[in-house]
Amino acid sequence: MSEIKTIGVLTSGGDSPGMNAAIRAIVRAGIANGLQVKGICRGYAGLLGSEIIDLDSRSVSGIQSRGGTILYTARCKEFYKAEGIDRGVQVLRENGIDGLVVIGGDGSFRGAQEIAARGINTIGIPGTIDLDIACTEYTIGFDTAVNTAMDAIDKITDTSMSHERCSIIEVMGRNAGFIALWCQIANGADGILIPEAEKFDERDLIDTILSNRQKGKKHHIIINAEGVGSSMRLARRVEAATGIETRATILGHIQRGGSPTAKDRVYASTMGAYSVDLLCSGATNRVIAYRNGHFTDLDIDEALAMKKTIDEYQFLVSQMIGQY
Ligand code: F6P
């Protein structure tokens with residue numbers, strides 16, 4: 001029998017498609033295990049403001065198909081300080097919450113780690129479109145974001161081709177290039193700029209565009225990960241160096257919205273149910289991960305100490321098939 005009676009769930013940091021599916025699974029798995037479930041609105045900021053609501057089975061009905069998060073989200077500077085965390089733990093205790101699920105990225109897990117250290121059993125679920133959480137091969141929302149970006153880049157490719165232009169397309173990812181790398185392969189782009197690449201030689205990129213044009217290619221797609229630098233300025237430099245009319249498009253927050261893909265709905269639901277199982281078994285300070293084809297969990301301290309790099313072979317493939 002679980003000692004935990006009431007669990008809370010919050011979403012924190014940038015929202016990602018699939019978070020709602022995870023919330024729904026947590027609520028329903030919680031109820032199935034005889035627990036009360038509370039939603040903490042606006043992440044850690046809402047926790048500090050005691051913005052806590054009761055969740056029942058009906059309140060999460062059908063939300064798995066909706067993007068965003070019904071609990072709202074925020075980034076909260078106060079939660080980086082000990083006083084903020086102490087206050088958050090006090091609010092959890094005042095509301096009878098003895099188990100907590102935090103859906104978010106590494107920054108959110110640091111908060112979860114501190115809450116766990118203060119005696120509230122806490123589990124993290126990786127939720128970010130950036131895929132930049134080292135302990136896991138899957139994060140909630142990446143699949144939907146890549147598909148959204150791919151679809152948008154296909155559309156830009158149509159008009160780029162008609163006008164025989166070069167298009168610089170900026171995708172999200174903060175300091176990571178996973179969305180860019182996947183899109184280069186999925187969209188057949190001429191090149192990518194990603195923060196992980198050790199050195200970027202702009203001359204090489206320009207030479208690739210010129211050589212592809214000489215071989216008869218009529219349009220050029222370059223994907224720029226946002227962590228690299230200004231796409232507008234790059235477009236101006238590429239146009240000046242190649243003589244090819246060049247436009248820049250920043251895809252922006254469109255990548256964070258929309259109805260989640262089947263993969264995001266199913267994996268997020270599985271992670272949600274898994275987090276309840278962990279809380280019921282008395283676990284704390286764990287983060288759920290998808291590794292080598294299985295859902296598993298790791299100590300948050302261990303997870304936060306891990307480093308992630310892009311897959312070298314995937315990068316090699318992207319470079320090889322990007323050549324015309
Ligand atoms: O972490 C998700 C993400 O969308 C990043 O890709 C991006 O850098 C950042 O959040 C944007 O944050 P905001 O919505 O606060 O501008």
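The model is predicted: local features need pLDDT of at least 70, side-chain atom pairs count only at pLDDT 80 or more, and totals for chains, interfaces and linings use all residues. Residues are numbered from 1 along each chain as its sequence is written, and side-chain values use heavy atoms, with hydrogens and water left out.

**Overall build**
- The protein chain has 11 helices and 11 strands; these are DSSP runs, with helices (H or I) of at least four residues and strands (E) of at least two, numbered from the N terminus.
- Along the principal axes, the C-alpha atoms fill a box of roughly 70 × 35 × 35 Å.
- Of the 324 residues, 52% count as buried, meaning under 20% relative accessible area with a 1.4 Å probe, protein chains only.

**Contacts**
- Contact means heavy atoms within 4.5 Å.
- Among contacts between residues at least 6 apart in sequence, 74% join residues at least 24 apart.

**Nonpolar cores**
- A nonpolar core is a set of buried Ala, Val, Leu, Ile, Met, Phe, Trp, Tyr and Cys residues joined through side-chain atoms within 4.5 Å.
- The largest has 32 residues; I7, V9, I23, I26, I103, I125 and I140 touch the most other members.
- Elements giving two or more residues to this core include strand 1 (6–11), helix 1 (19–32) and strand 4 (99–104).
- Apart from this core lies another, of 27 residues, among them F79, V102, I300 and L304.
- Leaving aside neighbours within four places in sequence, I103 has contacts including V9, M19, I23, I125 and I140.

Note on methods: Buried < 20%, exposed > 50% of the residue type's maximum accessible area, 1.4 Å probe, protein only.
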